[in-house]
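Hi,

Here is the structure I promised to pass on. My notes on what turned up in it follow below.

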Amino acid sequence: MRLLLVGFALWLISSAFLVLFVGSMLWLSRKFSSLRDADGLEWSRLTAFGLLAPPSLGIVLAIAGLSSAISCPATSVRNYHLCLHLAKHLCGHASATAIGKSHSLLLAALVWLGLTGATTVVLSRRAKLVKRFRPSPKLKRAIALAQLPPNLPVWESDNEAPAGLVGVLSPSIFVSRETVQRLPLSALTTVLRHEYAHFARKEHWLRWLLFVVALIFAPVPFAVWLQREWRYACERAADDFAAPDSKSARSLADALSAVQNFVGLSDGQLRHRIERLKAKRTNSKHAILFGVGAILAGLVLGVLAFSLPSIWLTFHCLAEALILR
């Protein structure tokens, strides 16, 4: 159990290091390269990969740090000076003060894990608070026209939000009663297709995974930015799925405009989606390749920086201090 706790602390540190590198590379590329042309499905895939790749590679670095400390002769003879240290670094086992700081870091990591876990549980229960009512005849006609699968229930709701996909293990779509009443049948059908797009792309569980990752690394620059960019890109990707032609695009744009008016939304992202649906959309394969290159470059730079003697030996000594005391 102790090794698992130490491994978690090492994973948190190494992954945060990589998130910083990958996020900064994507942010710079988004600002100053052809990656600014990536949109919708393209950008959602890149941001999801950019947020999930660092924690995955962080597992490898955490295992390497644990292995280096366990295999060190000091672990068996409890002599803290037998490991050969070739570079100047922060030595976590050099003094009682250093060991105390190392254990304080472990305690802080565990407290942060508890806070993020509790926040996730509380927010996940919000979906159950949505009041559900049986679909009205108008909504039933829209469901039939949208050709939704039978394993995706649709409910009416008195929720303030116009529509949404809720739930992780048992997802369902809710549409507010006001939305059903005000939108014409064609627009309502397109709205259902938009929500179905989230379900078809498995975003009902991916959004929670990315949310938890972003929450864990929230203090790290670019972690929250990546998750927010993914969420906005998913909305645009769902628009593309629900409106593949100009006619359906106009219908969805009109539906979003109507929703914006009667709900009173002033979200800039919603206005951008409406303008985007009315404009001609293009895809850029070069932007995708550039984005993948930016993510890989960030991972490589992070690993290279982590392999510097001063950083790696500090990481090794931290693992050693946490294991030995």
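Let me start with a strand pair: Ala163 stands opposite Val175 in strand 3. Strand 2 (residues 163-166) and strand 3 (residues 172-176) run antiparallel over 4 bridges. Strands here are DSSP E runs of at least two residues, helices are H or I runs of at least four, both numbered from the N terminus, and two strands pair if DSSP finds at least two bridges between them. In strand 2, Ala163 and Leu165 point one way, Gly164 and Val166 the other, and all are buried (under 20% relative accessible area; exposed is over 50%, partly exposed in between; 1.4 Å probe, protein chains only).

A caveat: this is a predicted model, so local features need pLDDT of at least 70 and side-chain atom pairs 80 or more, while totals for chains, interfaces and linings use all residues. Residues are numbered from 1 along each chain as its sequence is written, and side-chain values use heavy atoms, leaving out hydrogens and water.

Now the charges: there are 8 salt bridges (a side-chain nitrogen of Lys or Arg within 4 Å of a carboxyl oxygen of Asp or Glu). One of them joins Arg276 to Asp240, with the closest N and O atoms 2.7 Å apart. That pair links distant parts of the chain, helix 11 (residues 268-278) and helix 9 (residues 223-242), 36 residues apart. Arg276 is buried at 9% relative accessibility, whereas Asp240 is partly exposed at 25%. Shared partners join Asp39, Arg236, Asp240 and Arg276 into one salt-bridge network.

Cheers
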